[in-house]
Amino acid sequence: MRTNTTAVFIGGAGHSGSTLLGLCLGSHPQVFYGGEARKSIFFGNEKKPLRKRMCKVCGPECKVWNHLVVNDEIDLYEALSVRTGRPVTVDSTKSLEWLEQQSALVHARGAKTVLLFLSRDGRAVVSSGLRKYPEESATEHAQKWRSQMEGTAAFAARFPGTVERVRYEELVTAPEATLRRLCEVIGLAFDPVMLDPFSSEQHPLGGNAGTQSLLQKTQTKAEGGSVPISGSKKDYYSAHPKTFVLDLRWKRELPAQALADFEAVAGALNAAYAWDVAEPTPEERS
Ligand SMILES: [Zn+2]
């Protein structure tokens, strides 16, 4: 009998809110969110930086990831479900090769597979990319976004299980409705704890250190725990309330030329993803 009944994959492009979505799902008592679980293959590889080889919250001493045995009989998700007692796993690895391989494997073993195809306005994705990797041009970031979104759409069309689209912007502006819908797709009863993802115990590999910095610090070990953040990222997240906030920094930060470069490469594709809902005024908010 398989303990891991359901393997959920969050596909799409990076910088689209998958860490936040993963933390929300992983707050559910039946769900374990492993972050970018593919990074577990680097555990024994000392050529990779340590931060890529450890739980982002616990550091190297993690009760979930340490000495996890994966072999020909026990796949990664089964191993995680057995260890955590949570039958549903979530993996936010974006690599299509990995998603293809792992979803086929667990599907063949009788687990339900769900692909959550996460998207975000491409202009926001490129703006985040430029913030993190300023040495690459806006055109390069736009090309990467387009190629990843097109590749994920093609993969979704041949995915063996259920595919559900979800937008970052709807997750943060209507979290309860969005998470209720996703629970239904996954086969879970909605649990209100999912609306408070930063108070839960989590063990992600990889992912957005800024979003992870919002997690309550009680779980973090003094030594070797959570990956530190600095610079503008630290400024942004230290002022961030521990709740859902729509990040529209791109509207202030993306230079006009970068926006024009983005439109030339990915404007047509972004028509389906653009989030042009006006921000509420302070009066409307209250
Ligand atoms: Zn951990």
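This is a predicted model: local features need pLDDT of at least 70, side-chain atom pairs count only at pLDDT 80 or more; totals for chains, interfaces and linings use all residues.
**View 1. Cys183, a cysteine without a disulfide.** How many disulfides does the model have? The count comes to 0. Cys183 is one cysteine that takes part in no disulfide, and the nearest cysteine sulfur belongs to Cys24, 10 Å away. Is Cys183 buried or exposed? Cys183 counts as buried because its relative accessibility is 1%, and the cut-off for buried is under 20%.

**View 2. The open sheet, strand by strand.** Here you can follow 5 strands in the order β2-β3-β1-β4-β5, paired in parallel to form an open sheet. Which strands lie at the edges? They are β2 and β5 (162-167), and each of them pairs on one side only. From one strand to the next, the twist averages 20°.

**View 3. Strand β1 and its two partners.** Take a look at β1 (residues 6-12), which is joined to β3 by 4 bridges, with the two strands running parallel. Within this pairing, Ala7 has Thr89 of β3 as its bridge partner. Strand β1 is also joined to β4 (residues 112-119), by 7 bridges, and this pair runs parallel too. Here Val8 stands opposite Val114 of β4.

**View 4. From β2 to β3 by way of a helix.** Strand β2 (residues 31-33) runs parallel to β3, and 3 bridges join the two. The bridge partner of Val31 in β3 is Val88. Between these strands the chain passes through helix α2 (residues 76-84), and this β-α-β crossover is right-handed.

**View 5. Strand β3, covered on both faces.** Which residues of β3 (residues 88-91) sit on each side? Val88 and Val90 are on one side, Thr89 and Asp91 are on the other, and all of them are buried. Both faces of β3 are therefore covered, given that buried stands for under 20% relative accessible area.

**View 6. Helix α1, mostly covered.** How many residues of α1 are buried? The number is 9 of its 9 residues, and the helix is mostly covered. Among the buried residues of α1 are Ser18, Leu21, Cys24 and Gly26. As you follow the helix, remember that an α-helix has 3.6 residues a turn, so residues three or four places apart point the same way.

View 7. Gln30 belongs to the loop between α1 (18-26) and β2. Gln30 is partly exposed because its relative accessible area is 36%, a value in between the cut-offs of under 20% for buried and over 50% for exposed. Where along the chain would you look for Asp191? Asp191 and Gln30 are 161 residues apart along the chain, while their C-alpha atoms are separated by 9.8 Å.

Key:
Residues are numbered from 1 along each chain as its sequence is written. Side-chain values use heavy atoms; hydrogens and water are left out. Buried means under 20% relative accessible area, exposed over 50%, partly exposed in between (1.4 Å probe, protein chains only). Two strands pair if DSSP finds at least two bridges between them. A crossover is right-handed if, with the strands pointing away from the viewer, the path from the first strand over the helix to the second runs clockwise. A disulfide is a pair of cysteine sulfur atoms within 2.5 Å. Axes are lines fitted to C-alpha atoms, for helices over the stretch in contact, and angles run from 0 to 180 degrees between N-to-C directions.
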